[in-house]
Amino acid sequence: MRLPGIVQRFARRDDGGVAVMFGLSLVVLGLAAGVAMDYARAFSVETALRSDLDAAVLSAASRMTEASAVQEAALVSFGENWKTKHAVSSVSVTVSQVESNKLRGVATAVVPTTLMKIGGFNTISLTATSEVEVAGGNVELSLVLDTTASMAGTKLDGLKAAAKSLVETAYEAHDAEMHVKIGIVPFGQYVNVGIGNRNSAWMSVPPDSSTPKNWCGTDDQIVNGTANCRMETTSGSNDGQPYSYQQEVCDNTYAPPSYQCYDWTEDEVWSGCAGSRNNPLDTLDEQYGTPVPGVMNAACGAEITPLTNDKVLLDGQIDSLVASGDTYIPAGLMWGWSVLSKEAPYDQGVAYGEKVDGKPVRKVMVLMTDGFNTLSPTYPGHTGNDTTQTNGLTAELCTNVKGKGIDIYTVAFDVSNNAIKNVLEACASSPSMFFDATDSDELVAAFRNIAKDFTPLRLAK
């Protein structure tokens, strides 16, 4: 076997010094590779140490009562399982309260080396620190959630999981129920303000009624025979989303036209659906001397949940969400805004700029939708199809809401329409407060990140 030229020449040398140098070079190269491997593994352990320490201190802070309880809560994350998983010889964590509203965690780990032992370095010691600040701020939040027909099935399940994870995160901190209130505003074509508000001064709803009706005339559509029945594929639209389905089609024969009379009862029933006041009042949370019109014989989703700190109630209301109707985002924005204000229609919030226990109240809205506006305002209902007009109305409402000092987070859920994505991104209070979730897992992550952003617990360092 022929060796490369430089190696052949080296092999023919009988200079012992060269052989020694070559051997030493191999040792040095081997040690260098070993050092690199040891430090790469140590870096991986250090990354995990920092990440898990942040999580442990946050968890400890959420149950902060006394020093012993805090330390015990943090130790749960750094037991034998962590030591085995990361192949370290030892790991420890200490959490202490350094200020009345601040916790500091310090974690250390010792990583055994491999080839570095040749140089006398048996271990690498690592240290990570983390500080969590319990801000103690007050938050009022309205969850404005798209529950239109296109959300039916797994998407609605994903929304429920995401909304409940937000609620869970919001109330993790010790005494969070004293500082955080959340309202829920499901929306579709309309928002359901509840039939209990029929006689409220800010609503205008006619009484339910039943009126006997009669029709007489020539009927030429009386079927007296069918033939050649078969299944055919046809198309439809569900909240602006096309779909296909199978239906039975027959060749019908009809009886000769005849004079017929029919009696029926025309019912007018209100189910809690709120229409819109004429523009510009449909973009303003004020002047309710001009009341909101109730829309008769319309279907709307689950009823609004006003601001509350009752976590059990909030979870139950989220579980009760149902999917129906088409998309009219301005309705959700309008009532999400109303839920956050001090004045009627909903007055559970504090006044803008008011402090509670000497601390300001941050007002937050989370707007989530899975699609574009499919309706436009035809006052008092929303039955038109000028989506460009509705997108403009949506943008105007976002501007008015933010003008009151309300922070808006927006979430697009499995949205392919770029026009509405642009509207949502512009609606958010900052680019970082717009989330584009492509599936349920990303939706849950987005809602959890939003909750971490407004929760009183914050990583300070």
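Colleague: What counts as a disulfide here?
Modeller: A disulfide is a pair of cysteine sulfur atoms within 2.5 Å. This is a predicted model, in which local features need pLDDT of at least 70, side-chain atom pairs count only at pLDDT 80 or more, and totals for chains, interfaces and linings use all residues. Residues are numbered from 1 along each chain as its sequence is written, and side-chain values use heavy atoms, leaving out hydrogens and water.

Colleague: How many disulfides does the structure hold?
Modeller: The structure holds 4.

Colleague: Take Cys229 and Cys250. Is their link right-handed or left-handed?
Modeller: Right-handed, with 115 degrees about the S-S bond. Cys229 sits in strand S9 (residues 223–238) and Cys250 in strand S10 (residues 241–254), 21 residues apart. Strands (E, at least two residues) and helices (H or I, at least four) are DSSP runs numbered from the N terminus.

Colleague: How far apart are the sulfur atoms of Cys229 and Cys250?
Modeller: They are 1.9 Å apart.

Colleague: Now Cys398 and Cys427. Are they buried or exposed?
Modeller: Both Cys398 and Cys427 are buried. Buried means under 20% relative accessible area, exposed over 50%, and partly exposed in between (1.4 Å probe, protein chains only).

Colleague: And which hand does the link of Cys398 and Cys427 have?
Modeller: Left-handed, at -90 degrees about the S-S bond.

Colleague: Why is the disulfide of Cys216 and Cys261 right-handed?
Modeller: Because the torsion about the S-S bond of Cys216 and Cys261 is about 115 degrees. Cys216 is partly exposed at 33% relative accessible area, and Cys261 is partly exposed at 43%.

Colleague: What is the pairing of the bonded cysteines in sequence order?
Modeller: The pairing is 1-4, 2-3, 5-6, 7-8.
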